[in-house]
Amino acid sequence: MKKISLVLMIAAASTLMAADGAEIFKAKCFSCHGEKAAKSALNKSQIIAGWDAAKTIASVTGYKNGEGGPMKGVMKPIASGLTDDDLKAVAATIASYK
Ligand code: HEC
């Protein structure tokens, strides 16, 4: 019984780490969207710093489904690589960048 709860705890902890918005932003978004999302990605995107989490989630979900602007091909593989939890976490982080 003890062993099982330990395994569950480890699983829970690694899930939490996987959905750390700031880490996800640094690893997957920072290179294009810049420090605190304050840059226009590849000089093409809007500046997404401070975007409402719901707006970011809708936009990134759109890229997953093949929607978006002229450079949507850049965002599609990135969007597809995010789980729903990752997206929620990173959207909350972006909303906090003002
Ligand atoms: C390789 C560069 C690159 C990376 C990495 C990247 N983006 Fe983007 N992003 C872009 C480009 C280019 C656009 C504009 C695409 C278009 O034309 O619709 C964009 C657009 C967006 C938009 C919509 C803004 C708009 O102009 O409508 C959101 C939201 C967004 N990205 C979020 C993210 C998030 C969240 C991550 C990390 C998980 C991320 N991006 C990683 C290049 C990137």
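Student: In what order do the elements of the protein chain run from the N terminus on?

Tutor: They run α-α-α-α-α, and the secondary structure comes to 5 helices and 0 strands, where helices (H or I, at least four residues) and strands (E, at least two) are DSSP runs numbered from the N terminus. This is a predicted model, in which local features need pLDDT of at least 70 and side-chain atom pairs count only at pLDDT 80 or more, while totals for chains, interfaces and linings use all residues. Residues are numbered from 1 along each chain as its sequence is written.

Student: Why are H2 and H5 called roughly perpendicular to each other?

Tutor: Their packing angle is about 95°, with the axes 8 Å apart; axes are lines fitted to C-alpha atoms, for helices over the stretch in contact, and angles run from 0 to 180 degrees between N-to-C directions. Angles under 35 degrees count as roughly parallel, over 145 as roughly antiparallel, 65 to 115 as roughly perpendicular and the rest as oblique, and H2 and H5 are therefore roughly perpendicular.

Student: Which residues of H2 meet H5?

Tutor: Gly-21, Ala-22, Ile-24, Phe-25 and Cys-29 meet residues of H5 that include Asp-86, Val-90 and Ile-94, a contact meaning that two C-beta atoms, placed from the backbone, lie within 7 Å. In H2, the buried residues are Gly-21, Ile-24, Phe-25, Cys-29 and His-33, and what covers them includes helix H5 (84–96).

Student: How do you know whether Leu-42 is buried or exposed?

Tutor: A residue is buried if 20 or more other C-beta atoms, placed from the backbone, lie within 10 Å of its own, exposed if 12 or fewer, and partly exposed in between. Leu-42 has 10 within 10 Å and is therefore exposed; its place is in the loop between H2 and helix H3 (53–64). Asn-43, in the loop between H2 and H3, has 8 such neighbours inside 10 Å and so counts as exposed.
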